[in-house]
Amino acid sequence: MYRYDEFDHQFVSERTAQFRDQANRRMAGVITEDEFRPLRLMNGLYLQLHAYMLRVAIPYGTLSGKQMRQLAYIADKYDRGYGHFTTRQNIQYNWIKLEESADILQDLADVEMHAIQTSGNCIRNVTTDHWAGAAADELLDPRPIGELIRQWSSLHPEFSFLPRKFKFAITGAPHDRAAVKVHDIGLRAHKNDKGETGWEVMVGGGQGRTPMVAVTVRDFLPEKDVIPYLEAIMRVYNLYGRRDNKYKARIKILVHELGAEKFKAEVEAEYARNPAQTTEVEQRELARIEKYFAKPALEKLSRFAPHFEEAKRANPDFARWAKNNLAAHQHDGYTIVNISLKPEGGIPGDASGEQMRVMATLGERYSQDELRVSHAQNIVLPHVKLDDVFAVWQALKAADLAAANYGLVGDIIACPGLDYCALATARSIPIAQALSRKFADVARQEHYGPVKLNISGCINACGHHHVGHIGILGLDKKGEEFYQITLGGSSSEKASIGTILGPGFAAHEVPDAIETILETYVKLREPGEEFLAAYRRVGPKPFKEALYATA
Amino acid sequence: MSQIEKGQVMTANRLRDGIAVFLTRSGEWSEKIDEAALVQEPQATAALESRAAADVKATLVTGQYLIDAERIESKVRATLIRERIRTLGPSVRPDLGKQAEGTAGAFAAVEG
C-alpha cells in the first residue's frame, strides 16, 4: 500500500507548523494578503465565493480506508458534511475557515496526507490511471515512476517558481485513462523486445483557453533516464516559457510557438549538456518505491464466480450495475468496482462524510484496504473478489452510491462552476443535474452507449469540456449564463480537442440540445458504432443541421 | 410603482472564515446584502473604499471590491449572477450558506 516515507513525514510536519505560523501572522496583520496568498496557495488554500476552499492532494488518487475516513472526519468537523472529488484526483472542501486551516493540515498529516502541490506555479501532484495496479490491460503500474517524479519535484527549488502551473499524468496501459496527452507532460509505458521498460514522453498538451494535444518528443526513453530528461524539459521551459502573459505561460504555448521540432532540439541540447547525471534513476531506489505499490496478496481463484453469477440472475438491478460499473482485473476471480458519484440529479463528485465512511469500510473489507479517486470524479475499489461484489453493491445501494451509469451519459464530469468558484463565468452543476435527470433511465443511457459528457463553468476547463465526446462550456453573455457545445473531444490514446458546433444555448435549452445530438447519433450510427467513432466518421455537419436547422 | 435606487455596494470576504460580507452605512460588515450601504456619489464611493481599505489593514476583511446593485423596497439586488450567488450560497445546495442561515439576499441568482 502506498505510504509516504520518513522524508515526507518530516517535511509535511515542518510545512504544517510553518503554515500555522503564516496563518497566525496573517490574522494578526503582520503579513498582508499579497504576501500571504502565495503561501496559502502552496498549501492548497484558496479563497472562493462563499468561504475558503482547501484542496487536498490524493497522490495517484490512492487512498487507504483510514485516509478516506479522515477525509470524512474533516468534512464533518470543519466543513458542511461533504467534499468534492476533483478532476485532478483530489478532494476539495468548500466551507473552510482560515482560522481552522492549520488544524486541518495537521489532521491530514496524521494520516500521511497534505495539500502540497495542489496549487501554485509548481509541478502539481502527479496523476495516473485510476486502475493502476489492477487493470487487465496494464503493462506496468505507473505509480512508482509517478512517485519518483513526486519526490524529485516536491519543493524542488529550481522548479518552484515556474512560469505557470505544471501537470504530469502517467499511464502504464495502452488504453489511456489518465488523459496523458492533455497534460503538460504525459508519460506512457512501453516494453521493447527485450522486455525492458521505456517511457514515451509527450509534451505540451493541455486544456484551458488554448487546448492542445501533446507532441511526442521521445518514443522510448529508457527508465533510468526519465528524471534527467524531465529536468531538461523543465529547464527549457523555465528558460523560454513566457512570464509576461499568464495566458501564454503554459508549456503548450512554448511548444507551439517554437514548433515541436525546435522544442525537441532544445530539450535534446539541454539534455546533452549534462552527460553524467546525478539524477539518473537508480534501480535500487525505484525498487524501494515499487514496494510501496506492491501488488496485494490476492487469492488464487477461479475465473468463474458462482455466487456472483447467481446474484446477477436473481437481481436484474444488480446485473445492470455489474455490467456497467465493473472493469476487468488482471487477477482471475477479482474485479475493479467503479462507484459512480453521479446519482440521478446529484452533484458530480460530491460525497457526504457518511458516504465516504461507507466507501472506506468497503475498501477495508473488500478491496485490500485500497480506494482510488478517478479524474472522472468517481471512486474505485480496485481489488474486489467477484464473489464479494453483490455484498459491496448492497452496501453501496443503501448509501445512495449504486448509480449504474459508469461510462455512460449520466456519468458527467463537472467542475464546481459559479455555484462555488471565484473564476467561473457560469454554473455547471445545475446543467449536470438537469442532464442527469433527463437521461435518468439507465436503459436509455445504455442505448446511447459510452459517452463522455464534460462540463466546465469557464474557459479554464477544470471540467475537461474540450476532451468530452460532448463538451459544454458555460460562459457569460451580458450578464446571462449561456453554454457552448463542442463535439468530438477525447482524452484517450487517440486524443482530440472538441469542435464548437455553433452558437450557444441558454441553460434551459441545453438538455434538449444534448438530446438532439444523441438522437442524431442514434439515427446515423452503424451497427455497434460508438458515439465518438460515429462523430469522427461523419463530422459535425449532421449534428449542426439537427441542432440549428429548426432554430 | 416601487422606487428603484441604483448604485454600488462594497463587498469583501471576512478574513477569518472567508464569508462574503457587505459594508453597511454604519461602517460595519454585514453578511446580509440588504444591510449594505448603496452609494451613487463619487464621494460616498470613496468613503466606502477608504473604509474597506482600513478594514483590510485591520485584518477584518480581504479581497474588497465594489459591485453594481440596486435597492428595491429596502432589498438590495446585486446586478451580476455571481454576486447574487454570493448573497445566497450555492444555488445547488439551498440547505447551505446564507440562504439557509437567515442572512440571504432577496433575489435569486436567475430570476424568471
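Here are legends for a few close-up views of this predicted model.

Local features need pLDDT of at least 70 and side-chain atom pairs count only at pLDDT 80 or more, while totals for chains, interfaces and linings use all residues. Residues are numbered from 1 along each chain as its sequence is written, and chains are lettered from A in the order in which they are written.

**View 1. Where chain A meets chain B.** Here 23 residues of chain A are in contact (C-beta atoms, placed from the backbone, within 7 Å) with 23 residues of chain B. Helix 4 (98-109) and helix 14 (429-438) of chain A each supply at least two residues of that side; helices are DSSP runs of H or I, at least four residues, numbered from the N terminus. Helix 14 of chain A brings the largest share, three residues.

**View 2. Helix 3 of chain A against helix 4 of chain A.** Helix 3 (residues 65-78) packs on helix 4 at about 160°, axes 11 Å apart. The axes are lines fitted to C-alpha atoms over the stretch in contact, with angles from 0 to 180 degrees between N-to-C directions. A:Gln70, A:Ile74 and A:Tyr78 in helix 3 meet A:Glu100, A:Ile104 and A:Asp107 in helix 4.

**View 3. Around A:Leu54.** Leaving out residues up to four places away in sequence, A:Leu54 touches A:Gly44, A:Leu45, A:Gln92, A:Tyr93, A:Ile96, A:Ser101, A:Ile104 and A:Ala115.

Definitions and conventions
Two residues are in contact if their C-beta atoms, placed from the backbone, lie within 7 Å.
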